[in-house]
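Take a look at the sequence and the model, then read on.

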Amino acid sequence: MRNSTVVIVGASSGFGFGLAQELAKSGCTVIAGARSAREIGEGVHYRQVDVTSDESVTDFFEFTKSLSPAPDGFVYSAGEASAIGYGWDVPVDEAQRVLDVAFTGFVRCIRHCSASIPRPCRRAARTSRGRAVPCSAGW
C-alpha cells in the first residue's frame, strides 16, 4: 500500500481515525474527512465534511481531487449513534438521521469517487486497482 492514496470519510474517531493513522504510518497518503474537525497527524490531509449535505460532500471531493485525481481506495466509516434503543422507542427523526449518515451519506460520497473505484461488474473489478469499502457505524 505504500505510495497509495486512500480517502476516508468518518475519520474523527474509532475505526476511521485508527485506519487513517495506520495507513499514514505505512507510507500512504490519506485524505480524511469527518463532521468534526480534527488533525490526525503527518501524512493525513484533513477536511471537515458533513455527509448529510450535498454541498459539503461536493466541496470535500473537490478538495480530494486537488490532491489526488484518482485515489486508490475509498473507505466510508461515518456513523451516527444517536438512535440507540429498541425500534419502537427511538424517535423517527433520530432513526432518519442514522439512515441519512450511514446510507444516504455513503451514496452522496460514492458518486464523487473517481473512475479508479470499480463499477459493480466483473470486468471493471478485474481491471481496476481501486476499491470502495463501506463500513459505516450505526447499523
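The model you are looking at is predicted, and the protein averages a pLDDT of 81.

**Confidence**
- 79% of the residues have a pLDDT of at least 70.
- Over residues 121–127 the pLDDT stays under 50, and the model has five contacts beyond four places in sequence for this stretch.
- Where pLDDT is low, the predicted coordinates should not be read in detail.

**Aromatic pairs**
- Searching the whole structure turns up five aromatic pairs.
- Phe74 and Tyr76 make a tilted pair, at 6.4 Å centre to centre and with 50° between the planes.
- Phe74 also pairs with Phe106: the ring centres are 6.3 Å apart and the planes meet at 20°, so this pair is stacked, as planes under 30 degrees apart count as such.
- Phe74 sits in strand S4 (residues 73–76) and Phe106 in helix H3 (residues 92–110), so their pair ties together parts that are 32 residues apart in sequence.
- Ring pairs join Phe60, Phe61, Phe74, Tyr76 and Phe106 into a cluster.

**Burial**
- Phe74 and Tyr76 are both buried.
- For Phe74 the relative accessible area is 1%.
- Phe106 has a relative accessible area of 16%, and is therefore buried, since the cut-off is under 20%.

Methods
Residues numbered from 1 in each chain as written. Predicted model: local features only at pLDDT ≥ 70, side-chain atom pairs only at ≥ 80, totals over all residues. Heavy atoms only, no water. pLDDT = per-residue confidence, 0-100. Contact = heavy atoms within 4.5 Å. Phe/Tyr/Trp six-rings, centres within 6.5 Å; stacked < 30°, edge-to-face > 60°. Buried < 20%, exposed > 50% of the residue type's maximum accessible area, 1.4 Å probe, protein only. Helix = DSSP H or I, 4+ residues; strand = E, 2+ residues; numbered from the N terminus.
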